[in-house]
Amino acid sequence: MLSRLLQGALVVLGVVAICFTLIRLAPGDPFFRALDEAAVPAAQRDAQRAAFGYDRPIPEQFVRFVVNAARGELGWSHSRGEPVARALATTVPVSALLIAVAALLAFGVGIPLGAWMGWHAERPTARWLDRGALLLLSVPDYVLALLAVMGPALAWRLFPVGGMRTEFGPTGAAGLLDVARHLALPALTLALPIGAVVARLQRAAMRTVRDADFVRTARATGASEARVARRHALRSALVPVLAYAGVHLATALGGVVVIERIFAWPGMGRLLYEGVLSRDYPLVAGGVLVAAVGAVLGTMLADLALRWADPRQRGLE
Amino acid sequence: MNARLPRNALVVLGAMLVAAALAPWLAPYAPSAQLDPATLAWRPPSLAHPLGTDSFSRDVLSRMLHGARSTLGVAVLAVAVSLTLGTLVGALAATARGVVDALLMRLTDALLAIPRLLLLLLVVAGAGTLDLAPLALVLGATGWMTTARLVRQETARLLATEHLRGARVLGVPWPRLLRRHVLPGLAPTLAVAATAAFAAAVPLESGLSYLGLGVRTPLPSWGNLLADAESLPLQHWWLIVFPTLAIATTVLAANRLAEAIADGMQRDVDEGTR
């Protein structure tokens, strides 16, 4: 377990290094727009850059970047006029809500559905569901979001088109319901492709396990079919699905940018998108860093779940 | 290898690629020609305009064909880049082993930990606007990691087989060993990696173009066609439906093909011919 933590820390350090490298590879620095004008005297430019440490050697800048990032200082966002850390602190929880609800939906529906599809793999319904899942996977997330906005939101007026709550809307319990109504479409569009992958993986795993010796043994003990499927087969068939869960999380974090932009969900994804448009480099790098650290933590959580599901993993220290 | 390749998927992919390659000759109009903004805008599909016209009276079929050119062209080039990079890194890691292997694989892990779209945003934010070729390069440069992992695993497996161990004992030099003995064995793995990478590149390119960060109008791409159609009322359905269908069928066909090849490899394993 300790070695796994250490590996995670190394990957995070690698991610920081990549973010830093990409920042330095980009032409100019955060001030090039504001400062590189004929009207700004050269001495003034140099003074401004020196004040933020851009005149230092690259290795020193990297060490500073790492130390500052470890302290939670991610630089200054010039498009928003506030520290990057504060901009992220207000938006990350909003995105986390969206991702958590979407993940619950995707895994909560995908796992039982996929398990059923695998257990009854020969039924036509199961086969059609599998094909449907593959089709769903082939429609990009932004197209799904676009269709969701055009149909249920714009044309049929079932859900609000965007945002997180109605302006000057209700508060208290009614306010929560209001947020839930705004959350429904973005969470669903984010959950659909992830749920489709989960269901297909779960189906394949369940199908392999179905004919295994230990399942036959479990059946021979006289356990009911449902109990065999749930207690014996599913627990073992969860392994590959959990192993991929971390990767799915990383995909979901990417999808958040697109979904939040289309549904005007005021989270980190939209912040990043706006950061890209205004070329606010520290903001984008800080956001990517936080997202990547989140993805690494998610992968490690998935590893823990894997240990619970697969006793063999525990013996392999 | 006894892969049963899905014929309809091959036909769809082939047709799309041919349409993209021959777009200038197949398209009835120039992609950006505004035929008559006063009378010919918003025309639903008809004989003169099989896929309708858009808000500027441009012919949607022509724009779709030229859009295929940018979307699929960028995707194919991106696959070539990511396949080359991934094969080099994976094969190097598997043959060098030790410290080089560990370093390369940790780099791969770190890059995989960053969601690919965010990695792309990071690059686009730095570069500002990207032309088609740089866009493809960037897409390829952010997509080689899964290929590298697959290739490393497969190369290590191949190197441990009897005939390769024999070749090494006979003193076959490394370059020749890799070219003559490892690369042919890698072919099915690379085929899976390439089709899967293609299936991932099409939504990414079109997604970036949709966000206004990839292919820029007036140059059409399937993604920015959808951006033009964004938040229009449902009456203008043809502006949404046709690009969506084009993207979905292409990606579906690529996904089906990748799965069929992977299934074929699995069957080889099951039957002990691998």
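Reply: Let's start with a term: a nonpolar core is a set of buried Ala, Val, Leu, Ile, Met, Phe, Trp, Tyr and Cys residues joined through C-beta atoms within 7 Å. Buried means that 20 or more other C-beta atoms, placed from the backbone, lie within 10 Å of the residue's own. This is a predicted model, where local features need pLDDT of at least 70, side-chain atom pairs count only at pLDDT 80 or more, and totals for chains, interfaces and linings use all residues. Residues are numbered from 1 along each chain as its sequence is written, with chains lettered from A and ligands numbered from 1 in the order in which they are written.

Me: Ok, how many residues has the largest nonpolar core?

Reply: There are 166 residues in it, and A:Val15, B:Leu118 and B:Leu121 have the most contacts inside. Contact here means C-beta atoms, placed from the backbone, within 7 Å.

Me: Which helix gives the most to this core?

Reply: That's helix H10 of chain A, residues 225-262, with 17 residues. Helices are DSSP runs of H or I, at least four residues, numbered from the N terminus.

Me: And what does B:Leu121 touch?

Reply: Leaving out residues up to four places away in sequence, B:Leu121 touches A:Val257, A:Leu272, A:Val276 and A:Val284.

Me: How many residues does each chain bring to the contact?

Reply: Chain B brings 36 residues and chain A brings 40 residues. On the chain B side, H5(B) supplies the largest share, ten residues.

Me: New topic: is H3(B) mostly covered or mostly open?

Reply: Mostly covered, with 27 of its 37 residues buried.

How values were computed. Contact = placed C-beta atoms within 7 Å. Helix = DSSP H or I, 4+ residues; strand = E, 2+ residues; numbered from the N terminus. Buried ≥ 20, exposed ≤ 12 C-beta atoms within 10 Å, placed from the backbone.
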